[in-house]
Amino acid sequence: MTGNRVAIEIDHVCKRFGAGEQAVLALDHIALDIRENEFFTLLGPSGCGKTTLLRMIAGFEDVSAGDIRLYGASLTGKLPFQRPVNTVFQSYALFPHLTVEENIAFGLEMRGFKPADINPIVAEKLELVKLSGFARRRPHQLSGGQQQRVALARALAPSPRVLLLDESLSALDLKLRKEMQVELKRLQRETGITFVFVTHDQEEALTMSDRIAVMSAGKLQQVGSPEDIYDRPANRFVADFIGETSFLQGRVADGQLHFGVAGSLSCQVLDQPHDGAAALAVRPERLQLASSGDGLGGVVAEVVYRGVDTVYLVQLADGQPCRVRHTNDSGASRLARVGDAVRVAALPGAFHRLQEAGHDA
Amino acid sequence: MTLDPYRRTRRRLLLAPTTLTLLLFMVLPMLLMGWMSLLAPDTYGGVRWKEWSLDAYVQFLYERDLDDSLTLNSDYLQIFGRSFLLAGFATVVTLLIGFPTALYIALKEEKTRQRLILLISIPFWTNLLVRTYAWMLLLRNGGLIDSSLSALGLSQGTLDVLYTPTAVAIGFVYSFLPFMVLPIYTSLEKMDWRLVEAAFDLGANRWLALRRVILPLAMPGIVAGCLLVFIPAIGSYFIPELLGGGKSLMIGNLIQNQFGTARNWPFGAALSFMLLALVLLVMWIYTRRFQRPPGE
């Protein structure tokens, strides 16, 4: 579904807060393209600059350096109401003095639609977010999830070229959040509008996005599909931030991995097969416990039962810790107990070699 | 809600001081005034306690000629009309000045806001009577304003503004402006400015955001401010007395006259009730129209 046209071009954008010696660089030369009809997510811990970047696209923050272009046209100097983008705010920011339908009609009225044209659009958007019976209610009479839907309908009503969503699901409880994730994805598919979503929740990002930009401390860490980001993290930060990861030090020789531990591990490093020391990232679900045979020797230090799965924290013989995850589908929920000597085996392609200046000897 | 007898008794006891105060200082004097307005005046002030009469209310609209026939007399109605207009004018002008002022303060940083609000409330530290005398000095012929204007060649002859309704209006606007600014500021200060951001985001320019979002949300403060200006203004006594020079009488002066030199207490009491009725009527219409958020 994702087209190849570029909707938003973020061209080496910087944001400086303050001036002189105390100036803080909140965004450091961010460059990325957001494509048309794409569900694009800006992901990062709080304070990484993702919301600032979103507010720059909306027009609420100035760009200190660089440029943001929407379909080739620079947005610099355009005020928020002059930009064909709409925002779903974290707090929803619904107008408390207006009913649900008046809230949704607001953007249409501001853009000069005639009353006769507004009503069908409002009805259509209400249906889209499944709130048809709630037109006359006021925001305070709605639940959090319903308010969220009204905010979505209001932002979608003027048919923006890009919809910006600022941590829009974070105020909802877990169950509702899961529902809304599916809902948002559906809305994006049905409307064909480019969504730019900001979140600190990596699971949310992986679930919904076509592509993800991972940010940290004002810098862009990696841009790619959820699979790219999860399977081939560009650096230690991304590997650590997305999902669970164990970091191990090994050596590559003749395309094979070696560890300073008794026992062998027949595992190839495919992406960077050059010889030398290697900083490796490995997901717990791609390691397995084996009682004998192939594998790295170690001792179980901790067992964490989590319902669907059990995580074993294994201290390898050379002291490096790693996590091994087994799903509890076979009924055998305890493969090993604390203190057991085990061997850790790996699935093919489990190890990902990180490009890291400091750790590459 | 039903309460058990013990809790009900306790609640009544707790409310007793307030209830007693209201009864003694509010309800009782009102009843006394109502009673007085229905009695005949005594020769040297006071009332004849056993002589019932509706004359006080008749006198408001009619003049009793020597032959006991009644002719319509609009003098008092005119005074009511003038009071209404002056108070209304003061309300509109203080609103026009007060709203932008309150908005300006509310948009400043926390520290600056506190400083500006302090400046707004500084006049309260001096007596209003003294400040009104100061205005007399400013406005009189040969006063600061008059002489400055002549010196600058901006006026021929004298200013002639003191002891006119204009001077009363100036005095009103000056005295009551803080009562307009403060409640509006309070409602703007607790406003969620992200709503204004949302309005901009949805395509509203500054004017539309003001009209469609800020004004409706500030409405409780605006209503409160208007009532806080209008009600004291329409009943005010010494501002028209000092700045109007007794030439542009307002209701307050008229009432004072009845209890003073005119020695017609029943008429004074009746006028007070008319004023009360007028204020209640205005409040009723006004709150019905504006208190509810528009669109309901």
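User: What is the mean pLDDT of chain B, and how many of its residues, as a percentage, reach 70 or more?

Analyst: The model is predicted, and the mean pLDDT of chain B is 89, with 97% of its residues reaching 70 or more. The scale of this confidence runs from 0 to 100. For the model as a whole, the scores are ipTM 0.83 and pTM 0.81.

User: Why is B:Ser236 called buried?

Analyst: The cut-off for a buried residue is 20 or more other C-beta atoms within 10 Å. B:Ser236 has 24 such atoms within 10 Å, and it is therefore classed as buried. The residue belongs to the loop between H9 and helix H10 (238-243) of chain B.

User: Which residues does B:Ser236 touch, leaving aside those up to four places away in sequence?

Analyst: The contacts of B:Ser236 are B:Met250 and B:Gly252. A contact requires C-beta atoms within 7 Å, placed from the backbone.

User: What makes helix H2 of chain A mostly covered?

Analyst: Helix H2 (residues 100-110) of chain A has 11 residues, and 9 of them are buried. Each of these meets the cut-off of 20 or more other C-beta atoms within 10 Å. Among the buried residues are A:Val100, A:Ile104, A:Phe106, A:Leu108 and A:Met110, and A:Glu101 and A:Asn103 also belong to the list.

User: What covers the buried residues of H2(A)?

Analyst: The cover includes S6, helix H3 (115-128) and helix H4 (144-156) of chain A, together with helix H9 (206-234) of chain B. Just after H2(A), A:Gly112 takes a positive phi of about 80°.

User: How many residues does each chain bring to the contact between chain A and chain B?

Analyst: Chain A brings 19 residues and chain B brings 16. On the chain B side, helix H8 (194-201) and H9 each supply at least two residues. H8(B) gives the most to that side, with 6 residues. By class, the chain B side divides into 10 nonpolar, 3 polar and 3 charged residues.

User: What makes S6 and S10 the edge strands of the sheet of 6 strands in chain A?

Analyst: This open sheet has the order S6-S7-S8-S3-S9-S10, with mixed pairing. Strand S6 (85-88) and strand S10 (219-224) each pair on one side only, and both are edge strands. From one strand to the next, the twist averages 20°.

User: How do you know that S3 and S9 of chain A pair?

Analyst: At least two bridges between two strands are needed for pairing. Strand S3 (residues 39-43) and strand S9 (residues 211-216) of chain A are joined by 4 bridges and run parallel. Within this pair, A:Phe40 stands opposite A:Arg211.

User: Why is one side of S14 and of S17 in chain A left without a neighbour in the sheet?

Analyst: The open sheet of 5 strands has the order S14-S18-S15-S16-S17, with antiparallel pairing. Strand S14 (287-290) and strand S17 (321-327) stand at its edges with a single partner strand each, so one side of each has no neighbour in the sheet. Neighbouring strands of this sheet are turned by 45° against each other on average, direction ignored.

User: Over how many bridges does S18 of chain A pair with S14, and how many join S15 to S18?

Analyst: S14(A) and strand S18 (residues 341-346) pair in the antiparallel sense over 4 bridges. In that pair, A:Leu289 stands opposite A:Val344, and A:Leu287 stands opposite A:Ala346. Strand S15 (residues 296-305) is likewise joined to S18(A) by 4 bridges, again antiparallel, and A:Val299 has A:Ala341 as its bridge partner.

User: Into which domains is chain A divided, and where do their bounds fall?

Analyst: Domain 1 spans 6-237 and domain 2 spans 244-354 of chain A. Their centres, taken over C-alpha atoms, are separated by 39 Å. The contact between them takes 4 residues from domain 1 and 5 residues from domain 2. The domain 1 side divides into 1 nonpolar, 1 polar and 2 charged residues.

How values were computed. Residues numbered from 1 in each chain as written. Chains lettered and ligands numbered in written order. Predicted model: local features only at pLDDT ≥ 70, side-chain atom pairs only at ≥ 80, totals over all residues. Axes fitted to C-alpha atoms, helices over the stretch in contact; angles between N-to-C directions. Domains from an automatic or database assignment. Contact = placed C-beta atoms within 7 Å. Nonpolar A, V, L, I, M, F, W, Y, C, P; charged D, E, K, R; others polar. Buried ≥ 20, exposed ≤ 12 C-beta atoms within 10 Å, placed from the backbone. pLDDT = per-residue confidence, 0-100.
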